[in-house]
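Here are my notes on this one, point by point. Have a look at the sequence and the model first.

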Amino acid sequence: MSGALPSGDADVPFVAAVDAIDFTTIKSLEQLTPEASFLERLVAGYVRDTEEQLRILDRAVDSGDVPGLRDALHAVSGSSGNIGAVRMMHWCLAMRAQSDAELLVEGRSLVERLATLIAESRALLERYLGDRHRALPKL
């Protein structure tokens, strides 16, 4: 891509077409262990890690640290793919494909967009966990 960095999903057509969460991935993760709290701990760790990467990205933008910016995007895309947050994963991959100059110019909007994507993924994952919890048989 050349010119202005995509600011939202509508600017990256493939990302806009991707569901935020791949629930097939979530269901596969649930099957890894019969332990009821496994998925809850996994989601909590994912949220904690992505929020930390957001802080790292913010500092990298402030200091003009393009390798640090790319590393944070890489970390978020990997962990997002692992938990099924595919819209965020694809967005991070699209941002990593931008030039250094584009990343530096649009760095603040990257931080803002990533914060929005994290909030979206967190809300959907937490809603899934809540629905799952309500569906469990009551003892």
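**Notes on the model**

1. D22 caps the N-terminal end of α2, with a side-chain oxygen 3.1 Å from the backbone nitrogen of T24. Helices here are DSSP runs (H or I, at least four residues), numbered from the N terminus.

2. Before going on, a word on the ground rules: this is a predicted model, where local features need pLDDT of at least 70 and side-chain atom pairs count only at pLDDT 80 or more, while totals for chains, interfaces and linings use all residues. Residues are numbered from 1 along each chain as its sequence is written, and side-chain values use heavy atoms, leaving out hydrogens and water.

3. How far to trust it? The mean pLDDT (the predictor's confidence in each residue, from 0 to 100) is 85, and 83% of the residues reach 70 or more. Over residues 10–17 pLDDT stays under 50.

4. Back to α2, residues 23–30: T25, I26 and L29 are buried, meaning under 20% relative accessible area with a 1.4 Å probe, protein chains only. They sit on the same side of α2, because they cover an arc of only 100° around the axis, taken from the directions from the helix axis to the C-beta atoms.

Conventions
Buried < 20%, exposed > 50% of the residue type's maximum accessible area, 1.4 Å probe, protein only. Helix = DSSP H or I, 4+ residues; strand = E, 2+ residues; numbered from the N terminus. Polar contact = N/O pair within 3.5 Å; in protein donor to acceptor, adjacent residues only side chain to side chain. Contact = heavy atoms within 4.5 Å.
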